[in-house]
Amino acid sequence: MKLIIILASMSRAGIDFFQSLLDKHSQISQLPGKFFVDEFFLSIKNFESAEKIGEKFINDHKEYFNSEINLRERHNELGDNKNESFYVSEREFLKNFIQLLGKDTKNKKKIIFSIHLAYSKASGEDISKKKIIVINIHHLHRINSIKDLEFEILCTTRDPIASFSSYVKHWGVKNNFSDFNPWKFYYHLNRCLYGLAKLIMLNKKTMVIKLEDLHRSNKLVMKNICKNLNLNHEETLSFSTYHGKKWWGDFISLKDLNGVNPKFQNKISPELFFKKDIFFIERKLKNFYQKYDYPIRSDKNYSFFMFLPFKFELILLFKNIIKLNFKNIFFCIYFYLLRILKIFKKDLDLSSYPNKM
C-alpha cells in the first residue's frame with residue numbers, strides 16, 4: 001500500500017476541492033479533511049498504547065465523526081439541498097484502530113495507515129480494496145515530521161496572480177483586514193513564489209495538478225492521476241463530495257462551488273495590485289509561468305520599481321498606522337525587507353519543474 005501526500009503550493013489552489021474528488025474512490029483511503037501530522041505526532045510522542053493514540057485522534061478531530069460541527073468547511077451543509085451531514089462511529093473507529101495498530105505505537109507509518117484504514121472501515125468501506133492512503137497535509141512545512149517516510153506528492157497549483165488575489169480578497173478584504181497581519185501576508189506570498197520550488201527540493205516523486213485543468217479537463221487529469229498511481233478510473237472522480245454527499249465549498253469562498261466547472265475562469269481583483277507588482281511576480285516565476293502555460297499580463301518592464309512596496313504591503317501598513325498598532329507597523333517593515341532580500345533569488349530551471357497531470 002502506497003502513501004500519497006496532497007498539498008497546495010500556493011493559497012486558494014483548490015486542494016480541498018481536489019480531495020473532494022477523491023472521495024468514495026474504492027481504492028483510496030482518506031480522511032474528510034486536513035490531517036496535520038506534525039502537530040498530531042508531537043501530541044502523542046509520550047503515548048504507549050494504541051487506545052490512547054486513537055482517543056487522542058478522535059478528540060482532536062471530532063468533526064470527522066460528526067460533520068454538523070464542521071462549519072468552516074461547510075460539512076454541515078452537504079447534499080443537493082445543503083441539509084445533510086455525515087456521522088462515523090467513534091467506538092467503531094477506535095476498535096478498528098487498536099486492532100490494526102497493535103503494539104507499534106512508535107511506528108509513524110503504521111500509525112498513519114491504521115488511522116486511515118480504521119476510519120474507512122468505520123465508514124462502511126471495504127479496506128481490502130484500498131491501494132493508497134491519501135493525506136491532505138495542506139502546508140509544505142508539515143512534511144518535515146514525516147519526510148523520512150516513503151511517499152509521493154500530488155500538488156495543486158494555480159495562476160499565481162489569481163491565487164494571491166483570491167487570498168487577499170477572502171482573508172483580507174472580506175474581514176476588513178481585521179485578521180490579516182504582516183506575517184500572514186508574507187507567509188502566503190512566500191508560499192506563492194517559492195512553495196513549489198521548496199517542495200521539489202525534497203526529492204520525492206511530485207505530480208503537479210493545475211486547478212484550472214482540474215475543472216476544464218477533469219476526466220483527462222483524473223485519468224492521468226489514476227494511471228500514475230495505478231488506480232482504476234472511477235466515475236466518482238468527477239464529483240465533489242464528502243462521504244458521498246455533494247460539497248459546496250468552504251465558507252471562505254463567499255459563494256457555492258457547484259462541483260467541476262468546465263467553464264472555470266480565474267478572477268483577478270486588479271485594484272489589489274500595482275502593475276509593477278504583477279511584473280515582479282511574473283519575473284520571479286518566469287519558468288513556472290512557461291512550464292504550466294499561465295498567461296503573462298505585464299506589457300511593460302518595471303524593473304526600475306522592483307524595490308518598491310507591493311500595494312498589499314502599503315494597505316497593511318496604512319491600516320496598522322490608523323490603528324496605532326506599532327507591533328504590526330514594525331513587522332510590515334520587517335517582512336517587506338525580508339522580501340526584498342530575496343529579490344535576486346532565481347526561479348528554478350524549466351526542466352526542474354514536474355510535468356503537469
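## Ground rules

This is a predicted model, in which local features need pLDDT of at least 70, side-chain atom pairs count only at pLDDT 80 or more, and totals for chains, interfaces and linings use all residues. Residues are numbered from 1 along each chain as its sequence is written, and side-chain values use heavy atoms, with hydrogens and water left out.

## Salt bridges

The whole structure holds 21 salt bridges. A salt bridge here is a side-chain nitrogen of Lys or Arg within 4 Å of a carboxyl oxygen of Asp or Glu. One of them pairs the side chains of Glu 39 and Arg 142, at 3.1 Å from N to O. Glu 39 lies in helix H2, and Arg 142 in the loop between strand E3 (132-138) and strand E4 (152-157), so the pair ties together parts that are 103 residues apart in sequence. Helices (H or I, at least four residues) and strands (E, at least two) are DSSP runs, numbered from the N terminus. Glu 39 is partly exposed, at 45% relative accessible area. Arg 142 is buried, at 8%. The cut-offs are these: buried is under 20% relative accessible area, exposed is over 50%, and partly exposed is in between (1.4 Å probe, protein chains only).

Another salt bridge joins the side chains of Glu 90 and Lys 62, with 3.2 Å from N to O. Glu 90 sits in helix H4 (residues 90-101) and Lys 62 in the loop between helix H3 (50-60) and H4, so this pair links parts 28 residues apart in sequence. Glu 90 is partly exposed at 31%. Lys 62 is partly exposed at 32%. Asp 277 and Lys 276 also form a salt bridge, with their closest N and O atoms 3.1 Å apart. Both of these residues are buried. Elsewhere, salt bridges with shared partners join Arg 74, Glu 77, Lys 82 and Asp 256 into one network.

## A buried glutamine

Where does Gln 30 lie? Gln 30 is part of strand E2 (residues 28-34). Gln 30 is buried, because its relative accessible area is 11%. A polar atom of the Gln 30 side chain is 3.1 Å from the backbone oxygen of Gln 19.

Gln 30 has several other partners. Not counting residues up to four places away in sequence, Gln 30 touches Gln 19, Leu 22, Asp 23, His 116, Tyr 119, Ser 120 and Val 134. Contact means heavy atoms within 4.5 Å.

## Cysteines without disulfides

How many disulfides does the structure hold? The structure has zero disulfides, a disulfide being a pair of cysteine sulfur atoms within 2.5 Å. For Cys 155, the nearest cysteine sulfur belongs to Cys 192 and is 12 Å away. Cys 155 is buried, with 1% relative accessible area. For Cys 332, the nearest cysteine sulfur is again that of Cys 192, 19 Å away. Cys 332 is buried too, at 10%.

## A nonpolar surface patch

Phe 304, Phe 305 and Leu 308 form a nonpolar patch on the surface, with about 350 Å² of accessible area together. Patches are made of residues with over 30% relative accessible area and no salt bridge; like charges are joined within 9 Å, and nonpolar side chains (Val, Leu, Ile, Met, Phe, Trp, Tyr) within 5 Å. Areas come from the Shrake-Rupley method with a 1.4 Å probe; for residues, only the protein chains shown count as cover.

Phe 305 belongs to the loop between helix H11 (286-291) and helix H12 (311-323). Phe 305 is partly exposed, at 36%.

## Positive phi and a helix residue

Lys 24 is not a glycine, yet its phi is positive, about 75°. Lys 24 is in the loop between helix H1 (15-22) and E2. Lys 24 is partly exposed, at 40%. Leu 324 also has a positive phi, near 55°. Leu 324 is in the loop between H12 and helix H13 (326-341). Leu 324 is exposed, at 57%.

Ser 43 is in helix H2 (residues 37-43). Ser 43 is partly exposed, at 28%. Leaving aside neighbours within four places in sequence, Ser 43 is in contact with Lys 56 and Asp 60. Ser 43 and Phe 57 are 14 residues apart in sequence and 9.7 Å apart in space, C-alpha to C-alpha.

Methods
Polar contact = N/O pair within 3.5 Å; in protein donor to acceptor, adjacent residues only side chain to side chain.
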